[in-house]
Amino acid sequence: MAHYELRCRECGRTWGNQPRSICDDCFSPLEVTYDYDALRAALLRGSNGHGAFSREAISQRPPNMWRYSELLPLPQGFEPRLPVGFTPLLQAPHLAERLGAQARNLYIKNDAVCLPTLSFKDRVVAVALAQARAFGFDTVSCSSTGNLANAVAAHAAREGLKAWIFIPADLEPAKILGTNVYGAKVVRIAGNYDQVNRLCSQIADEHRWGFVNVNLRPYYAEGSKTVGFEIAEQLGWRLPDNLVCPMAGGSLITKIKKAFDELVKLGLVEAKEVKFFGAQATGCSPISTAIKTGSAEIEPQKPATIARSLAIGNPADGHYAIKTIKSSGGWSEDVSDPEVIDSIRLLAETEGIFTETAGGVTVGTAAKLYRQDRILPEETTVLCVTGNGLKTTDALAGVYRTEQPIAPKLVEFENYLRRTLDVAEVPGVIAAREEAASVGA
Ligand SMILES: *Cc1c(COP(=O)(O)O)cnc(C)c1O
Ligand SMILES: [Zn+2]
């Protein structure tokens, strides 16, 4: 028997393991729960089939998310076929200086380089597809704001599954191409993500397909925990004071909390109060708006932001994200599209990390939180950078001027150098940026 099963988050009824995300009794979402007592005993004895689950044993395992397999809902005999995760946790001293943090205390969890498709969505898809296979699906599917589309298409190709991907028609071209290339069927819907998602729920009732974020959602969500496990391990098996996390459906932030709680439960890290801070774009900020207005419930919004990967107006886990943030003593903020662009550039210029718009949202929000003294300079703070800038280059269109080429002659270069040094900050660049920002707004 598996050491995990689905349980209703509200009424507590258990549902075994099956492709289902909603409780029939009370219509609340299901979540994967583990038998932690049995797990703890097995882990201590090393009788779980993987050897002991101690700090030392884990740190000897291959550097990917499967090193935490005992805390993931994986089918019996599951053999991972892709080394997903275990992305760098980097100190960010130059960014710290710009945000007013102490140089040693600011970290970036860099999922811009998560493999294989350069966003944290590879983690959730890896777990969902393990179950899709176990449930006997030969076709996997999803509704997506872009990164999930890329991840499902790539992992499905690797696993030999068919993939049907549903996206809002106005997604970034790089994200559409980055789905097509794997041979997935891409269905563009004339509507926003929330409409695409509703359609997918209806399709899931008609076709026996494994929708990673619909009928497989509880398993998918568990994959997000690996971000939290890695942060704790990479900090030397301790928890940070603060975590800043971008929110779309609101799942990731709640699962990082679950990960920290599980590590404490199993005695792998010492208990500690971690403040959770949510980050959204102002043009789609249902969760941060609820936090800022003191509401316990979500008021759905119509998204209007360049941060497409976060553009979910009616977040499935919004209610739980609010709970996670409030109960931790954290906060949520949102930033405008021009702030997103400035923050993408700030992170790239200070730390050499090129993130997509969602990462700009996180960094811009963190800057605000330091200014508001909600995060203090000496506290250990981790910013979750969840996706790669090469997928959203259109957000930076017009920011950089294309220079006239010069002849391949030394004298030409010396002239060019003199001209460039004469003009310290090129005014044209700033004007172009402001223009691009107002177009995006
Ligand atoms: C999906 C996504 C998120 C947020 O995920 P949720 O779990 O839905 O809140 C954050 N960043 C990026 C880049 C994403 O693609
Ligand atoms: Zn229920």
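**Helix crossing, ligand site and backbone features**

The axes of helix H11 (residues 286–293) and helix H12 (residues 318–328) come within 10 Å and cross at roughly 45 degrees. Axes are lines fitted to C-alpha atoms, for helices over the stretch in contact, with angles from 0 to 180 degrees between N-to-C directions. Helices (H or I, at least four residues) and strands (E, at least two) are DSSP runs, numbered from the N terminus. H11 is therefore oblique to H12; angles under 35 degrees count as roughly parallel, over 145 as roughly antiparallel, 65 to 115 as roughly perpendicular and the rest as oblique.

The model is predicted: local features need pLDDT of at least 70, side-chain atom pairs count only at pLDDT 80 or more, and totals for chains, interfaces and linings use all residues. Residues are numbered from 1 along each chain as its sequence is written, chains are lettered from A and ligands numbered from 1 in the order in which they are written, and side-chain values use heavy atoms, without hydrogens and water.

Around ligand 1 there are 15 residues (a heavy atom within 4 Å). Lys121, Gly249, Gly250, Leu252 and Thr386 come nearest. Polar contacts here are pairs of N or O atoms within 3.5 Å. A nitrogen atom of ligand 1 is 2.7 Å from an N or O atom in the Thr386 side chain. An oxygen atom of the ligand is 2.9 Å from a polar backbone atom of Ala248.

The peptide bond from Leu115 to Pro116 is cis, with omega near 5 degrees. Pro116 is in the loop between strand E5 (106–110) and helix H4 (121–134). Phe27, not a glycine, has a positive phi of about 60 degrees. Most residues other than glycine have a negative phi, and most peptide bonds are trans.

Terms used:
A polar contact is a pair of N or O atoms within 3.5 Å; within protein, one must be able to donate a hydrogen and the other to accept it, and residues adjacent in sequence count only if both atoms are side-chain atoms.
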